[in-house]
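Here is a friendly note to read alongside the structure. Please keep the 3D view open as you go through the points.

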Amino acid sequence: MATSTLTPLDFTGQPEVTAALQKLTTYIDSKNGTWRVSDITDEATAPGERPHQYVDLVMEGGGMLGIALVGYVYALEQAGIRFLQLGGTSAGAINAMLMAAAGPRHETSTEWLIQELANQNFYEFVDGDQDARDFTADLLKPTKVERGVWGWLKGFVSKADLISDGLQIVDNLRDDQGLHRGQVFRDWLAKLLDGRGIQTIAQLTALRQQVPAGGLCRLDENGRSQPYESAVLQRVAIVAADITTQTKVIFPEMASLYWKNWAQVHPAELVRASMSVPLFFQPYRLGPLPGFGEPPTQAQQYLDAWNALGYTGPIPETAAFMDGGIMSNFPIDLFHDNTQVPASPTFGVKLGVDRAALRPTGTLPQVLGAMFDAARTQSDFDFIKRNSDYRHLVHCLNVDGFNWLDFNMPREEKLKLFAVGVRGAVEFLTKFDWAGYKKLRKEKVHVVHQAQMLDAQKDTPHPEPHAAELEWPGGIRPSYMRTEAPVVAHQ
């Protein structure tokens, strides 16, 4: 039976969505013009309107649960919030890229996102051969599927045990290291970006460098404004996992290590690298890498860059990428700078709560799943634990009961997920205390500066790596570039 087409109004006009937004509007109005979530604003576009306030945003990966991320962003935009830097992994990377390409930063993006995502047949992304599609259809029958990359792996291993000799898919795993090519997804995303005039990294960077008419300004504690400029306004951070060199890759800023003519690379390639769910999608591969097979004098600048990133081996001919979630599924540290009080916060949105329940370990699949989940979440968890101020910036959406790999998700489930995101954003914004957060950061910065002064007294300064000789996208050196001296093994 055919289902009716969803429209943006089906999402935004849900009674629970409108009620949540009315609650937010009432809360903002009660502040009598003093409600602030950032010191970065633009000029009001019409009499009586409030200026937009600008924040950074980082989004977690989570497959189909990414619809909740759209709801979260929609509520932020309805509150007059716009975005400076955008980052994410997997589903979070998809949303970040689409938001970045949607149009000028002072305009909303979510109406377009809803329109494009509402009626997309996501099962088209299951694009392997017939054996792979049959196996996937059987595996993803309506049963509870655990959240995350490793929830998929646990189900995969359990299901594989039931298949006689595993003959149905053994060739896919042996020859391609995954069931599905991911090409249909890449082409779908490229078509959406093309429709917004974004076909290259250079075009994406140019769009993100634009500011509203009248520019951006920074408000001081007395409400006085000064022109605001930043060298990282254009930054979009897509997290991928280069398993060849074991490197946490941030695209597009590290694109010059993987493509000679990086400026002309389609941004859809960057997201395809980020969403390669292990075994479900085939690894994303590219090559030859710049510097491979080149004379030493030409290759040295690339070797220096790799060394500065902590990789000291030879430049590989090709690199294989897996889902960025295997290294950092919630990269909230992307825009972190603990040496100063920020002019704008970095909001983070998670799809569920990690480490909220015991993990069974009675079977081999359970042990594998628990082991991989621990590895996947621990780095991000440790960062938030070591930087407790970030707890004030992160909101966890309650996505329990939703299947993150349900590519045939019913329309009712899509609408519910969107509403989960909206309600989560409203709950977060009505509790966020920007003035209190800045006070907390000011105290922390004082401690950091004292530590730096002590370090300066006992440490010998090290020269910067030579990696700056490369041309980096947007002129921004990768944030993960190592600046300390390389480790030398002593005899």
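This is a predicted model: local features need pLDDT of at least 70, side-chain atom pairs count only at pLDDT 80 or more; totals for chains, interfaces and linings use all residues.

1. In an unreviewed entry, UniProt lists Ser90 and Asp323 under "active site". The two are spread over 234 residues of sequence, yet they cluster in space, with a largest C-alpha distance of 6.5 Å. Of these residues, Ser90 is included in the lining of the largest cavity.

2. Let us take Ser90 by itself. You will find Ser90 in the loop between β3 (81-89) and α4. Is Ser90 buried or exposed? Its relative accessibility is 8%, and because the cut-off for buried is under 20%, Ser90 counts as buried. Setting aside neighbours within four places in sequence, Ser90 is in contact with Gly61, Ser274, Met275 and Asp323.

3. Now for its annotated partner. Asp323 also has its place in a loop, the one between β11 (319-322) and α13 (325-328). With a relative accessibility of 0%, Asp323 counts as buried. What joins the side chains of Asp323 and Ser90? The link is a polar contact of 2.9 Å.

4. The largest cavity has a volume of about 340 Å³. It is lined by 20 residues, and the closest to its centre are Gly63, Met64, Ala91, Ile94 and Phe122. Which helices each supply at least two residues of this lining? They are α3 (66-78), α4 and α9.

5. Helix α9 deserves a point of its own. It runs over residues 183-195, and at 1.5 Å a residue its 13 residues should span 18 Å; the end C-alpha atoms are 18 Å apart, which agrees. Buried residues in α9 are Phe185, Arg186, Trp188, Leu189, Ala190, Leu192 and Leu193. As for what covers the buried residues of α9, the cover includes α4 (91-101), α5 (110-118) and α11 (267-274). Just after α9, Gly197 takes a positive phi of about 80°.

6. Finally, have a look at Phe381, which is found in helix α14 (residues 364-386). How does its accessibility class it? At 34% relative accessibility, Phe381 counts as partly exposed, because that value lies between the 20% and 50% cut-offs. Phe381 and Ser328 are 53 residues apart in sequence, while their C-alpha atoms are 9.7 Å apart in space.

Technical notes:
Residues are numbered from 1 along each chain as its sequence is written. Side-chain values use heavy atoms; hydrogens and water are left out. Helices (H or I, at least four residues) and strands (E, at least two) are DSSP runs, numbered from the N terminus. The expected span of a helix is 1.5 Å times one less than its number of residues. Buried means under 20% relative accessible area, exposed over 50%, partly exposed in between (1.4 Å probe, protein chains only). Contact means heavy atoms within 4.5 Å. UniProt positions are given in the numbering used here, feature names are shortened, and annotations may be inferred rather than shown by experiment. On a 1 Å grid over the protein atoms alone, a cavity is a set of points where a 1.4 Å probe fits but cannot get out, and a pocket is an open set with protein on both sides within 12 Å along at least five of seven lines; lining residues have an atom within 4 Å of a point. A polar contact is a pair of N or O atoms within 3.5 Å; within protein, one must be able to donate a hydrogen and the other to accept it, and residues adjacent in sequence count only if both atoms are side-chain atoms. Grid points are joined across faces, edges and corners, and a volume is the space filled by probe spheres set on the points.
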